[in-house]
Amino acid sequence: MVGQTGNLRTANAVCHIDIAGPDIGVLGAFYGAVLGWTVAPRGPGYSQLKTPTLDGALVESQTASLTLGVATPDLNAALEAAVAAGGEVVMPLTDNGWVKKAQIRDPAGNLMTLIQA
């Protein structure tokens, strides 16, 4: 999930992006043509996305969105701080075997993925 650039080693750095939309084939072709990003299908509704600075994913979704992933040295502490600062945890700490992550919404409703560095 996280790129080859080593961004997970830099605390609080943006290290991943998810770009969502209803047709990831169209999205992949768009970002490939416009920016030269590489897209590799990895299963239904999911493709790995490689950019010069970080990696990410194209994710099939009814709604278009862009979600940043940020590396944090202490995921539990970051989740507690988000709630204390007026945010909301929308996906609790999840270990998918590849990465430990969670998602929060800031007070304006913006979604962000927090990733254990």
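Reader: Among contacts between residues at least 6 apart in sequence, what share joins residues at least 24 apart?
Author: For this protein the share is 54%, counted over contacts (heavy atoms within 4.5 Å) between residues at least 6 apart in sequence. The model is predicted, so local features need pLDDT of at least 70 and side-chain atom pairs count only at pLDDT 80 or more, whereas totals for chains, interfaces and linings use all residues. Residues are numbered from 1 along each chain as its sequence is written, and side-chain values use heavy atoms, with hydrogens and water left out.

Reader: Okay, how many helices and strands are there?
Author: The protein has two helices and eight strands, where helices (H or I, at least four residues) and strands (E, at least two) are DSSP runs numbered from the N terminus. Read from the N terminus, the elements follow the order β-α-β-β-β-β-α-β-β-β.

Reader: And what are the overall dimensions of the C-alpha trace?
Author: Along its principal axes, the C-alpha trace spans about 40 × 30 × 25 Å. Of the 117 residues, 38% count as buried, meaning under 20% relative accessible area, with exposed over 50% and partly exposed in between (1.4 Å probe, protein chains only).

Reader: In what order do the strands sit in the sheet?
Author: The eight strands form an open sheet with mixed pairing, in the order S2-S3-S4-S1-S5-S8-S7-S6, two strands being paired if DSSP finds at least two bridges between them. The edges are strand S2 (38–43) and strand S6 (88–95), each of which pairs on one side only. On average, and ignoring direction, neighbouring strands of this sheet are turned by 25° against each other; the axes are lines fitted to C-alpha atoms, for helices over the stretch in contact, and angles run from 0 to 180 degrees between N-to-C directions.

Reader: Which residue of S4 stands opposite Ser-47?
Author: That is Leu-58. Strand S4 (residues 55–60) runs antiparallel to S3, again with five bridges, and the hairpin that joins S3 to S4 passes through four residues.

Reader: How many bridges join S7 to S8?
Author: Five bridges join these antiparallel strands, with Ile-104 standing opposite Met-112 in S8. Their hairpin has five residues between the strands, and there Gly-109 takes a positive phi near 100°.

Reader: Where does helix H2 lie?
Author: Helix H2 (residues 75–84) lies across strand S5 (65–72), S6, S7 and strand S8 (111–116), running at about 5° to S7.

Reader: Switching topic: which residues make up the largest nonpolar core?
Author: It has nine residues, namely Ile-17, Ile-19, Ile-24, Leu-27, Tyr-31, Trp-37, Leu-49, Leu-54 and Leu-58; such a core is a set of buried Ala, Val, Leu, Ile, Met, Phe, Trp, Tyr and Cys residues joined through side-chain atoms within 4.5 Å. Strand S1 (14–21) and helix H1 (24–35) each supply at least two of its residues, and H1 gives the most, with three. There is also a second, separate core of eight residues, including Val-70, Ala-82, Ile-104 and Leu-114.

Reader: What is Trp-37 in contact with, leaving aside neighbours within four places in sequence?
Author: With those neighbours left out, Trp-37 is in contact with Ile-17, Ile-19, Tyr-31, Gly-32, Leu-49, Lys-50, Thr-51 and Pro-52.
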